[in-house]
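Good morning. Please look at the slide while I go through the ligand site and then the salt bridges.

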Amino acid sequence: MPGEVTTAEFRRCWRASVLPALRGVVLDLGAGSGIAADHLADGVEWLALEPRARVEPALHARLDRRRGARLLTAPAEAVPLEAGTVDAVIASTVLCSVRRPDRALAEVRRVLRPGGVLVFFEHVAAERGTWTSALQAAYAPISRLVDRGCDPHRDTESSIRAAGFATVEVRRMRAPGVLGTVEPLIEGVAVA
Ligand SMILES: C[S@@+](CC[C@H](N)C(=O)[O-])C[C@H]1O[C@@H](n2cnc3c(N)ncnc32)[C@H](O)[C@@H]1O
């Protein structure tokens, strides 16, 4: 529908409104191009985690520009950091892609200091029994192959709620999807 807010627009607004408030050591899970860094305050120590040996040139450029920034070549399921050493974790459209969301979230909890935060923006599985859910389930095996492991049919909100955080706040949104579907989205914060 014309005038509806797209996933990309929701994500842009989320980055601009949430990321500037983060402080200290910030771990960016599945950093991709590293676009999150453009919104981080000066003085933040940005740790960009990517499992791929060959990362996007844009990520290298952003790492070069920010003092103290580091690339961690590892999957979210095995974060190469000591326990309790991170103030905030960013998960932006990445929990759809990791192989083991439960393992990745356990790692997030392990590396966060008490009171540290996970801020997230994710597309998630639609309600069972809907046309969107059926299409997501049918498309998931292809998407996992061609879109860097992305599974559109994941109940990421339940995974976050089950991960043992002290508090979890979630806001749900919907953006237009393909073939008349909707794309359910979540954003929120979980406190360790
Ligand atoms: C859709 S991109 C999102 C990139 C970035 N977070 C953003 O908001 O633009 C998903 C990213 O997750 C990464 N990824 C895939 N599997 C991962 C894993 N097991 N651990 C960490 N990152 C992973 C991919 O390499 C990719 O960069």
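**The ligand and its surroundings**

A polar side-chain atom of Glu77 is 3.0 Å from a nitrogen atom of the ligand; a polar contact here is a pair of N or O atoms within 3.5 Å. Taken alone, the ligand exposes 590 Å², and the protein buries 87% of that, with accessible areas from the Shrake-Rupley method and a 1.4 Å probe.

Before going on: this is a predicted model, where local features need pLDDT of at least 70, side-chain atom pairs count only at pLDDT 80 or more, and totals for chains, interfaces and linings use all residues. Residues are numbered from 1 along each chain as its sequence is written, and side-chain values use heavy atoms, with hydrogens and water left out.

Back to the ligand. A backbone N or O atom of Ala76 lies 2.8 Å from a ligand nitrogen atom, and a polar side-chain atom of Arg52 lies 3.1 Å from a ligand oxygen atom.

Around the ligand there are 19 residues, each with a heavy atom within 4 Å of it. Gly30, Glu50, Ala76, Glu77 and Ser92 come nearest. By class, the shell has eight nonpolar, five polar and six charged residues, with Asp, Glu, Lys and Arg counted as charged and Gly among the polar ones.

Now the salt bridges. The structure holds 13 of them, each a side-chain nitrogen of Lys or Arg within 4 Å of a carboxyl oxygen of Asp or Glu. One joins Asp87 and Arg113, with the closest N and O atoms 2.6 Å apart. Asp87 is in strand β4 (residues 86–92) and Arg113 in strand β5 (residues 112–123), so the pair ties together parts 26 residues apart in sequence. Strands are DSSP runs of E, at least two residues, numbered from the N terminus.

Definitions and conventions. Polar contact = N/O pair within 3.5 Å; in protein donor to acceptor, adjacent residues only side chain to side chain. Helix = DSSP H or I, 4+ residues; strand = E, 2+ residues; numbered from the N terminus.
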